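The text goes through it in stages.

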Amino acid sequence: MAKPIRFRLNGRPTTLETDGGRTLLWVLRTDLELTGAKYGCGAGLCGSCTVVVDGEAVRSCVTSIASVDGKEVVTIEGLAEGGELHPLQRAFVEHGGLQCGYCTPGMILHAYALLRAEPRPTRQAILAAMEGNLCRCGAHRRIVLAIEDAAGAMAEPAGGEP
Amino acid sequence: MSPTTRGIDRRAFLKMVGGGIVVLVTARPAALLSQDRRRPIYPDDLNAYLRIGEDGRVTIFSGKIEMGQGVMTSQAQMAAEELGVALDAIEMVLGDTDRCPWDMGTFGSLTTRMFGPALRAAAAEARAVLVRLAAKELGVAKERLVVADGVVSVAGEPDRRVTFGELARGKAISRLVDEEAVLRSVADFQVMGRSPERMDSPAKVTGAAEYAADVRLPGMLYASVLRPPSHGATLGAVDPSPAAAVPGATVVRLDDLVAVLHADPETAERALRAVRAEWREPAPPFDDETVFDHLLGSAPEPEVKDDRGDRRAAREAASRVFETAYRKGYVAHAPMEPHAALARVEDGKATVWASTQTPFPTRDRIAEALGFRPEKVRVVTPYLGGGFGGKSAGRQAIEAARLAQAAGRPVQVAWSRAEEFFYDTFDPACLVKLASAVDSDGRITLWDYEVYFAGDRGADLYYDVPNARVRVFGSWRGAGSEAHLFGVGPWRAPGANMNAFAIESQVDSMAAAAGLDPLDFRLRNLSDPRMRRVLETVAETFGWQAAAAPGGRSGRGTGRGRGVACAIDAGTYVALMAEVAVDAERGAVRVERIACAQDMGIVVSPEGATLQMEGCLTMGLGYVLSEELRFRGGKILDKNFGTYDLARFSWLPEIRTVLVENHELAPQGGGEPAIVPLGAVVANAVFDATGARLHRLPMTPERVREAIGAVAG
């Protein structure tokens, strides 16, 4: 057995002893029972399996588990904090940015990485950034509105709350 | 067929749900038969029920499934409205064959139209029962009682009250409703006609929503199934020993079904690749280009749907007869969730969690495959990651059940994207041949319509034409002939997309030849008030300015154009207008904006209906501009999204939708109509921009360039 793979998963230290060539997607979905990341194409072509690694959106179906050693992994299960939905999650609910919901975790996490890198993207920038994430139901319009809305909510100065 | 063989046993159900008030509704055959008139076997049994528990919570049991179309919420809205409770007092149990009434399947924009009335009747009856119980409890005449938020109180004396939960306590009342109850009218609606937050949203944004492939059982194994290289291939020698040598792998062979099972899905897949199999493949008889000749050659005798006037005289009188053929290739469903199922078979009973639009028919097919009686099989339907008609066959559920039975452990079958493309039941390739004529006043005088393998949905003529014939050669099912080499089936508004593409393109060509504005031309030939109204409404929403097409010019540079098209589907009237920009050199069509006006009768959830319209208009751009399955004989050449293009974010047009008020009509279908005229509206706008008429879907850059070249040349 190769050396253990250690990483932070949704804020928690995680150690795995497994074949490092396995994909992050299937380790998440089987060993770790985090099924929010979905299989859609197995080739990095649809974005349903998107998770965030060290702040970047990655396709977990073409990412080896060994490659996240020492890194910070965020999945959809780790986005809400203390039972509070993340502003992006809330915006997807409010704008109807989902129908069947299968692509939704990947959409939200891809947008999450986008807004971390670029807090106030233009509509063109959002469309360009989301281009590789497929949605078959045709919720695109609402997804864009949700991302714009969440960007606004997240960019508001902190400390406004009592 | 007796009710209990198809549906749940009524007494067993009542025993299972325990106390409270349960209302059962029998099917009203007249309405429900039209779910599918070719298979008029809808049982004369329950088709809806709901239960009011001692805690006042209402549970609705429905055989329908949630695949993104929002029926979990809209069904709850309908029940909440008739019952007099808040939406959050309702819990939905969907698509579980042990707990829900028999249902043919979720398709055809039928849930609200056909199932809705039964559900509303059940809720209205429950309310009547509760009011009678309350009258006794409170010692007043029931006419003096009012119901709100799950509380019955005396009008004007809010302190004299009793809750639904209190009324249900200690009771075991069951009611059977066999006729339409008196339903609340639009003016009284409290819950219907509004747009609450979808009940499934919170679970779907947190990853908590469970899909079939997410279900986990102790000891479960993941299957990788040996697949043929092409449809029609036959299996010769198989040597699975290299796969069986992989640690932890089990090889199962059941006649035609060869699979490797493993606790890790990736290991199962790798091990399967080691299986040596010989296949014999037949020579490919046709491909995606030559399929149309094949279809014309294999067409069955037509069904004559319409035959009126004197077509010969109309032909002779016409200064010009427009004769055109329209074509469309095979289109994949490509839901983001590939088919998946998990099966557990133990103690003579099978439980299968499956992504399926048809839990009950799938249960029956699993039972047949296992040699079980249907009541020994339970199909549970978690959330579906998209269906669009493509999750009706249940093949993966049968495979999982057979493998679980053989292995003695739970088995998951989750298709890869390549398997999804291979076993899809595609929207079939099809053709329309059409001859028509118009007189000097801009009135259509002749219509001779032949549709091959798209079927009759949307083939009926809604324009006022005195001399017309409509003939349907084969349905979209392809049944009764050797038309297709692989599976075909319903695809969001089956066949209607093709019929509307042909009808509305043809009408546009005649308008142009008559030198008339395409909207004006349509209105001249339409007396149906619902169609006139959606056209007039969409024109206002879009900002239509009357002019004959083509307005743009073919040739170099970017031409802009706009088009109009309309359709009737699932009882709903819809009209679209679109503006496109066409890059003549590249042949690229960009749809810049679309307006949509829809009359769907009473609207249960305006937001839900709007999302469905937007979804249709976005998803539909794929079949209009890029989606066409490539194949050679039974070999499917598209295996993933690298070569098969769905609509993407950069394609997104500006979309404006409007619901045309029609409170006189019960709720009609909403999941499909807006996708129907999309091919025509884009083709008509491309014609306006370039003067080039596209007769084939999808309108790929190559075909657009070619059509523009033909005009310019």
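The model is predicted. Its chain B meets chain A through 48 residues, which are in contact with 46 residues of chain A. On the chain B side, helix H7 (201-206), helix H9 (265-273) and helix H18 (606-625) each supply at least two residues. H18(B) gives the most to this side, with eight residues. By type, the side of chain B that touches chain A divides into 23 nonpolar, 13 polar and 12 charged residues.

Within chain A, the next stop is a helix pair. Helix H4 (residues 123-130) of chain A packs against helix H5 (residues 140-155) of chain A at an angle of about 120°, and their axes are 10 Å apart. Because of that angle, H4(A) is oblique to H5(A); angles of 65 to 115 degrees would count as roughly perpendicular, and those over 145 as roughly antiparallel. The crossing of H4(A) past H5(A) is right-handed. From H4(A), Arg123(A), Ile126(A), Leu127(A) and Met130(A) meet Ile143(A), Val144(A), Ile147(A) and Glu148(A) of H5(A). The residues of this contact comprise six nonpolar, no polar and two charged.

The last stop is a residue of chain B. Ala325(B) belongs to strand E15 (residues 321-328) of chain B. Is Ala325(B) buried, exposed or partly exposed? Ala325(B) has 15 C-beta neighbours inside 10 Å, so Ala325(B) counts as partly exposed: a buried residue needs 20 or more, and an exposed one has 12 or fewer. Apart from neighbours within four places in sequence, Ala325(B) is in contact with Leu431(B), Lys433(B) and His695(B). Met199(B) is 126 residues from Ala325(B) in sequence, and their C-alpha atoms are 46 Å apart in space.

Key: Residues are numbered from 1 along each chain as its sequence is written. Chains are lettered from A and ligands numbered from 1 in the order in which they are written. This is a predicted model: local features need pLDDT of at least 70, side-chain atom pairs count only at pLDDT 80 or more; totals for chains, interfaces and linings use all residues. Two residues are in contact if their C-beta atoms, placed from the backbone, lie within 7 Å. Helices (H or I, at least four residues) and strands (E, at least two) are DSSP runs, numbered from the N terminus. Ala, Val, Leu, Ile, Met, Phe, Trp, Tyr, Cys and Pro count as nonpolar, Asp, Glu, Lys and Arg as charged, and the others, Gly among them, as polar. Axes are lines fitted to C-alpha atoms, for helices over the stretch in contact, and angles run from 0 to 180 degrees between N-to-C directions. Angles under 35 degrees count as roughly parallel, over 145 as roughly antiparallel, 65 to 115 as roughly perpendicular and the rest as oblique. A crossing is left-handed if the near helix is turned anticlockwise from the far one by less than a right angle, and right-handed if clockwise.
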